[in-house]
Amino acid sequence: MSQIKLVITDVDGTLVTTEKALRPSAVAAVRKLHERGIGFSICSSRPPFGLTTMRDALQITLPFGGYNGGSIVEPDLTVIEQVCIPPAVARQAVEVFHANGVDTWVFVGNEWVILNRQGDHVDHEIHTIDVPPTVVDHYEDKHFSAVGKIVGASNNHDLITKVEHIMQETLGHAAHAARSQAYYCDVIAPGIDKGRIVEVLGQRLGFERDEIAVLGDMTNDLEMFAAAGFPIAMGNAPDPVKALAKGVAPGTNDEDGWAGAIERYVLGN
């Protein structure tokens, strides 16, 4: 394997635990990457403003991606590039979720707008991004004017899997739909996926594809896998994701799987 010069990782289900905490081993592993001069960044389904705590804790100095790569920003949140969901498509996505009994969250600007404060995983998301939602009775035109992401959230994992496929069939190339967790289906702008952060950082830093390693756990990480030279799946990833990786972490995100993967495949310890 070529020497890895850049590591880009998914966050939820990969870098952090189920409780959204960074394990000490992961923090130590990132510190080792910095000490070795290996670049480090993150790409998440979270909005960029929901990644600042992670940025600070891991001393990230490179651009990072929010909305599954739909928004790529500098560490100070200056936008490098951002692509929004067309308003009509955003409305259609919301209608598909609602028709299938799935609550929606619309991320527009620097806020996330919801209809049901008591909905599945709302409290979880507040804890995750450290930003409260804006609760409205119904969505208005302004809520679809510059949408970075729409999330369908449900504790019914089979339903989310079903809706993921329905959304992909319904929207086609008008938007990108994929599960970011077993309980979330994310819809982002067309032509956008996590592979974009690999391309942007590779070009900016002058690194070849084979010099970039990525880590992830879900189907929305697969485009990132395809863009990088060395994709690594977490131990908790489903088998279809593991099948497309070149390495599998020696553990889950709730263990020391992420740090173990860095040690094994990047640092060579």
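Trainee: Where is T14 found?

Mentor: T14 is found in the loop between β1 (6-9) and α1 (24-36). Helices (H or I, at least four residues) and strands (E, at least two) are DSSP runs, numbered from the N terminus. This is a predicted model, where local features need pLDDT of at least 70, side-chain atom pairs count only at pLDDT 80 or more, and totals for chains, interfaces and linings use all residues. Residues are numbered from 1 along each chain as its sequence is written, and side-chain values use heavy atoms, with hydrogens and water left out.

Trainee: Is T14 buried or exposed?

Mentor: Buried means under 20% relative accessible area, exposed over 50%, and partly exposed in between (1.4 Å probe, protein chains only). T14 has 0% relative accessibility, so T14 counts as buried.

Trainee: With which side chain does the side chain of T14 make a polar contact?

Mentor: A polar contact is a pair of N or O atoms within 3.5 Å; within protein, one must be able to donate a hydrogen and the other to accept it, and residues adjacent in sequence count only if both atoms are side-chain atoms. Here the partner of T14 is the side chain of D217, at 3.1 Å.

Trainee: How many aromatic pairs does a search of the whole structure find?

Mentor: A pair of aromatic rings is described by the distance of the centres and the angle of the planes. Rings of Phe, Tyr and Trp (its six-membered ring) pair if their centres lie within 6.5 Å; planes under 30 degrees apart count as stacked, over 60 as edge-to-face and the rest as tilted. The search finds eight aromatic pairs. One of them, F40 with W258, is edge-to-face, at 6.1 Å centre to centre and 85 degrees between the planes. F40 lies in strand β2 (residues 39-42) and W258 in helix α9 (residues 257-267), so the pair ties together parts that are 218 residues apart in sequence.

Trainee: Which residues do ring pairs link into a cluster?

Mentor: The cluster consists of Y67, W105, F107, W112, Y183 and Y184.
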